[in-house]
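Please look at the model below before reading the notes. They are written for a reader who is new to protein structures.

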Protein chains: 2
Amino acid sequence: MEADVKNVLGSVIIRFGGEIWIKKTWTRKLYEGRLVKNIKNVLKHYDVPYDKIVRRHSRLFLRTDSAMQASLELARIFGISSVSPSLETSSKLEKIIDRSVVLAGHVLKIGNSFAVKCRRVGKHSYSSADVCKVIGQRILDEFGEKMNLRVDLNNPDVGLGVEVRNDEAFVYSDTFDGVGGMPLGTQPRVVGLLSGGTDSAVACWMIMKRGCPVAPVYFDNTPFTDETTTGRALNVAGVLLDWAVGFPRNVYVVQHGENLKRIIENCSKKLTCLFCKRMMYRIAERVAEMKGAEGIVTGEAIGEQASQTITNLKVLSNAVKKYPIHRPLLGFDKSETEAIARRIGTYKISSRKAKGCKAVPSKPATKAKLEEVEESEENLNIKEMIERSIESLKVVKV
Amino acid sequence: MEADVKNVLGSVIIRFGGEIWIKKTWTRKLYEGRLVKNIKNVLKHYDVPYDKIVRRHSRLFLRTDSAMQASLELARIFGISSVSPSLETSSKLEKIIDRSVVLAGHVLKIGNSFAVKCRRVGKHSYSSADVCKVIGQRILDEFGEKMNLRVDLNNPDVGLGVEVRNDEAFVYSDTFDGVGGMPLGTQPRVVGLLSGGTDSAVACWMIMKRGCPVAPVYFDNTPFTDETTTGRALNVAGVLLDWAVGFPRNVYVVQHGENLKRIIENCSKKLTCLFCKRMMYRIAERVAEMKGAEGIVTGEAIGEQASQTITNLKVLSNAVKKYPIHRPLLGFDKSETEAIARRIGTYKISSRKAKGCKAVPSKPATKAKLEEVEESEENLNIKEMIERSIESLKVVKV
């Protein structure tokens with residue numbers, strides 16, 4: 001879209017997901033209310049000026065002179081399925097035609113094909129088909145010959161959209177896909193185990209997408225890892241929490257190195273990662289209790305690593321009883337997870353060189369037995385380890 | 001591709017996912033072995049004749065006169081990332097050129113643009129760039145003028161691929177995407193709660209995709225549902241298990257109506273779905289124990305239904321202690337789940353009209369309290385309900 005079209009735009013059409021729309025009235029109002037609050041937070045945070053947000057049957061409309069900038073920010077808000085920067089006018093046909101011709105003049109290029117589609121709610125003296133036909137004709141009359149334009153309903157270079165809502169109408173040419181999901185905050189908080197790697201960040205994001213704010217917990221394994229690992233995790237957390245404007249930006253950092261040291265000294269080597277993770281789960285459970293969270297999120301995908309075989313996931317889950325372990329990436333291939341990481345902006349940071357954990361054994365068990373794990377854990381003072389870890393807890397603002 | 005090209009094809013290049021490839025040698029061999037076994041089962045099941053399957057560094061090659069048919073079936077096998085029906089020849093440059101020109105003659109149409117790309121493993125007297133250049137020129141010499149062909153390296157109508165592997169070479173023009181994942185059977189079995197609706201089938205499929213055979217369990221809620229509901233579930237199970245050729249086609253059907261009746265008579269109405277699901281989980285846990293499965297799969301997505309709020313998922317998970325509840329769709333929007341259902345073939349059946357459960361309350365609780373749930377469950381003889389359900393278990397072959 002040309003730079004000067006920005007000056008004629010005055011509104012953004014905000015569409016939200018079908019899942020919100022089919023909720024019962026009071027739930028839907030609650031969700032819409034939360035969505036509006038989240039939108040206001042984002043616009044304020046990114047200094048996008050606006051006049052007001054208007055709710056209409058299955059849509060929101062944002063009045064703003066910065067419709068393009070607003071649209072790009074809105075497309076990153078959970079619960080929004082798509083947005084279109086648009087020109088607003090009244091539902092009088094002549095006004096709609098006029099605005100459409102103005103927009104067409106800005107966006108059509110020489111030799112382009114175009115199409116007009118119309119969506120209409122309310123009673124009007126014209127049909128949706130009338131709108132398309134008359135606007136198409138008027139654009140051809142105005143620019144057709146000198147710009148060599150033609151109509152192509154199936155695969156146009158430019159698609160002009162018209163939404164008529166009772167007394168109002170909106171004309172647009174661009175639609176940006178949103179990320180979908182549910183407005184953040186419509187579900188209770190969960191705790192997310194965040195390592196700084198690709199998977200855990202995507203797992204947290206997937207859960208946030210369904211409305212749950214995530215409190216990230218990072219386990220600092222120094223001296224088995226170092227400050228590069230910690231730095232990477234905090235950077236990833238920052239990008240992740242950019243998706244949660246208006247929510248806390250706290251990362252809970254647990255000193256886990258001493259726990260890992262004791263595990264290596266006292267337990268079966270090939271099970272090291274399982275003991276380590278079971279301790280992480282237990283500590284995360286305590287953090288969840290302290291912070292009023294309702295579950296624990298991890299980035300495990302079946303079979304991706306030795307500790308993530310379906311047998312080992314069972315042994316891991318067994319370590320905590322009060323809170324479920326939520327693993328939204330269970331069925332994902334690594335390539336699918338990476339594609340999401342790229343989209344949400346964590347991929348580059350997660351791929352940054354950082355010290356890998358030096359405690360990982362060379363031959364990790366893929367089929368651990370719960371009895372064996374529990375027996376070996378008897379060599380640990382688990383209660384004391386949890387207490388010390390919780391005492392070590394630091395809150396880092398990112 | 002034209003029908004007569006089938007006659008010249010003699011091989012299929014089978015590519016498998018990067019995740020298998022990066023496993024340690026013995027794990028990779030195990031995975032490759034399972035993949036070959038699954039391929040043989042599928043080819044036998046669909047009566048696709050073939051000569052042999054050859055393993056080469058990061059690829060499998062299938063020798064068959066039915067390369068197109070084989071490719072379409074192979075693209076549905078977990079662990080395969082893509083396949084290309086191809087012409088096989090030796091690595092002598094003149095032979096490769098000859099086969100490329102033959103294939104080009106079959107697949108190029110008048111006015112087409114084309115490109116040649118080459119991948120080479122081993123020592124040869126020519127480079128990959130040589131191969132592309134000389135084949136491109138020879139095709140132009142042969143057909144260029146009379147067919148009005150041109151080379152377009154960036155966006156060709158037809159892309160010809162050449163793979164040279166030591167003494168052998170393969171020439172192809174089509175690549176079909178596979179479903180990726182891990183070969184089925186490389187992970188232990190899990191039990192899958194299958195309702196016949198869209199979500200549970202996709203959830204089971206996602207877990208199968210990562211290598212776990214799934215034993216579907218269907219809970220027959222008659223008289224709150226009826227034979228339309230049961231029929232739909234069994235049909236969905238059939239399509240799902242078409243993805244698991246060579247594995248058992250058993251569906252475990254539990255008579256759950258009596259349980260539901262007692263729940264309605266004795267427990268808090270607004271919590272009905274939670275009591276019902278907690279019973280399902282407990283019974284599934286018993287089935288998992290009986291069948292040597294290592295987990296329980298369900299189709300829940302956060303917030304999709306009242307019973308699936310993050311708070312209620314915690315209450316649900318709490319009903320079983322030995323086996324983890326795996327919920328691969330936790331972070332999915334309904335539209336994302338539906339897209340997968342369409343791809344795997346369950347969508348149409350799952351969308352078929354069936355009697356919805358009549359026991360669902362009009363105002364289900366979205367924030368159940370575990371204490372309240374457990375207190376209300378004291379009115380039930382849970383142990384006896386589980387025993388009776390397990391006794392009612394029927395195995396249906398689909």
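The notes below go from the pair of chains to single residues.

This is a predicted model, in which local features need pLDDT of at least 70 and side-chain atom pairs count only at pLDDT 80 or more, while totals for chains, interfaces and linings use all residues. Residues are numbered from 1 along each chain as its sequence is written, and chains are lettered from A and ligands numbered from 1 in the order in which they are written.

**How the two chains meet**

- The interface joins 39 residues of chain B to 39 residues of chain A; two residues are in contact if their C-beta atoms, placed from the backbone, lie within 7 Å.
- On chain B, the elements that each supply at least two residues to this side are α1 (18-21), α6 (198-209), α10 (310-317), β14 (325-326) and α11 (334-344).
- These helices (H or I, at least four residues) and strands (E, at least two) are DSSP runs, numbered from the N terminus.
- The most is given by α10(B), with 5 residues.
- By class, the side of chain B that touches chain A has 15 nonpolar, 15 polar and 9 charged residues. Here Ala, Val, Leu, Ile, Met, Phe, Trp, Tyr, Cys and Pro count as nonpolar, Asp, Glu, Lys and Arg as charged, and the others, Gly among them, as polar.
- The copies meet through the same surface, because 100% of the interface residues of chain B are also interface residues in chain A.

**Symmetry**

- Two copies of a chain are related by a rotation about an axis and a shift along it.

**Domains of chain A**

- Chain A is assigned domain 1 (3-177) and domain 2 (190-397); such bounds come from an automatic or database domain assignment.
- The C-alpha centres of these two domains of chain A are 43 Å apart.
- Between the domains of chain A, 6 residues of domain 1 are in contact with 6 residues of domain 2. The domain 1 side of this contact has 2 nonpolar, 3 polar and 1 charged residues.

**Sheet and core**

- In chain A, 6 strands form an open sheet with mixed pairing, in the order β14-β13-β10-β11-β12-β15. Two strands pair if DSSP finds at least two bridges between them.
- β14 (325-326) and β15 (394-397) of chain A are at the edges with a single partner strand each, so one side of each is left without a neighbour in the sheet.
- Strands β11 (residues 214-220) and β12 (residues 250-255) of chain A run parallel and are joined by 4 bridges. In β12(A), Q255(A) is the bridge partner of D220(A).
- The largest nonpolar core has 214 residues, and C204(A), I207(A), V162(B), C204(B) and I207(B) have the most contacts inside it. Such a core is a set of buried Ala, Val, Leu, Ile, Met, Phe, Trp, Tyr and Cys residues joined through C-beta atoms within 7 Å.
- Leaving aside neighbours within four places in sequence, I207(A) has contacts in both chains, including V190(A), P328(A), I302(B) and L330(B).

**Backbone details**

- Most residues other than glycine have a negative phi, and most peptide bonds are trans.
- T222(A) and P223(A) are joined by a cis peptide bond, with omega about 15 degrees. P223(A) is in the loop between β11 and α7 (227-241) of chain A.
- In chain B, the peptide bond from T222(B) to P223(B) is cis, with omega near 10 degrees.
- N148(A) is not a glycine, yet its phi is positive, at about 55 degrees. N148(A) is exposed, with 11 other C-beta atoms within 10 Å.
- N166(A), also not a glycine, has a positive phi of about 50 degrees. N166(A) is partly exposed, with 13 other C-beta atoms within 10 Å.
- A residue is buried if 20 or more other C-beta atoms, placed from the backbone, lie within 10 Å of its own, exposed if 12 or fewer, and partly exposed in between.
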